[in-house]
Amino acid sequence: MAFQKVASLDDLWSGEMTAVSVEGQYILLVNIDDMVHAYADACPHMRTRLSQGSLQGRILTCATHQWQFDALTGSGINPVTACLEEFSVRIENGDILVELVAACSSDDKPVKWCER
Ligand code: FES
């Protein structure tokens, strides 16, 4: 699948996160130290929108039950076995492009567990 523009770098400063909706998919964009990452905007626990949570440094906390994730890697911090669904990101001419195919989908499972 091709990469699509979802936002401009001007819309997402370092240390910020924002949610976008593209082709019916909710995507969370996170800028950590000027590196943009894209994740499904759905907590792997019970699918709450992660964009309603908080970002402190690189720690992303879900608003519902406070599961925490490393926004730089998508790995779970608490619990360590959960992880985020990540999308590939490219930056071109100041635009944020996302490939709208997650590395894997957890739609059929309430919890996405990392392979460790
Ligand atoms: S829905 Fe996110 S921690 Fe429960």
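Ile27 touches Thr18, Ala19, Val20, Ala38, Tyr39, Asp41, Phe87, Val98 and Leu100, leaving aside residues up to four places away in sequence; contact means heavy atoms within 4.5 Å. This is a predicted model, in which local features need pLDDT of at least 70 and side-chain atom pairs count only at pLDDT 80 or more, while totals for chains, interfaces and linings use all residues. Residues are numbered from 1 along each chain as its sequence is written, and side-chain values use heavy atoms, with hydrogens and water left out.

Ile27 has its place in strand S3 (residues 25-32). Strands (E, at least two residues) and helices (H or I, at least four) are DSSP runs, numbered from the N terminus. Ile27 is buried, with a relative accessible area of 0%. Buried stands for under 20% relative accessible area, exposed for over 50%, and partly exposed for values in between (1.4 Å probe, protein chains only). Between Ile27 and Leu50 there are 23 residues in sequence and 9.3 Å in space, C-alpha to C-alpha.

**The chain as a whole**

The protein chain has 0 helices and 11 strands. Of its 116 residues, 41% count as buried. Among the contacts with a separation of 6 or more, 47% come from residues 24 or more positions apart. The accessible surface of the chain is about 6,300 Å², and carbon and sulfur atoms hold 48% of this area. Accessible areas come from the Shrake-Rupley method with a 1.4 Å probe; for residues, only the protein chains shown count as cover.

**The sheet with S3**

Strand S3 belongs to an open sheet of 4 strands in the order S2-S3-S4-S9, with antiparallel pairing. S2 and S9 are at the edges with a single partner strand each, so one side of each has no neighbour in the sheet. Two strands pair if DSSP finds at least two bridges between them. Strand S4 (residues 35-40) and S9 pair in the antiparallel sense over 2 bridges. Ala38 stands opposite Phe87 in S9. Both Ala38 and Phe87 are among the residues that Ile27 touches.

**The sheet with S10 and S11**

Another open sheet has 3 strands in the order S1-S11-S10, again with antiparallel pairing. Its edge strands are S1 (3-8) and S10 (89-92), and each pairs on one side only. Neighbouring strands of this sheet are turned by 35 degrees against each other on average, direction ignored; the axes are lines fitted to C-alpha atoms, for helices over the stretch in contact, and angles run from 0 to 180 degrees between N-to-C directions. Strand S11 (residues 95-99) is joined to S10 by 4 bridges, and the two run antiparallel. Across this pair, Val89 has Val98 in S11 as its bridge partner, and Ile91 stands opposite Ile96. Val98 is also one of the residues touched by Ile27.

**Loops and backbone**

Most residues other than glycine have a negative phi, and most peptide bonds are trans.

The hairpin of S10 and S11, in which Asn93 takes its positive phi, has 2 residues between the strands.

The loop between S8 and S9 holds Pro79. A cis peptide bond joins Asn78 and Pro79, with omega about 5 degrees. Glu85 lies in the loop between strand S8 (76-78) and strand S9 (86-87). With a relative accessible area of 9%, Glu85 is buried. Its side chain makes a polar contact with the side chain of Arg47 at 3.2 Å. A polar contact is a pair of N or O atoms within 3.5 Å; within protein, one must be able to donate a hydrogen and the other to accept it, and residues adjacent in sequence count only if both atoms are side-chain atoms.

**Cysteines**

The structure holds 0 disulfides, where a disulfide is a pair of cysteine sulfur atoms within 2.5 Å. Cys43 is buried at a relative accessible area of 2%. Cys62 also counts as buried, at 2% relative accessibility.
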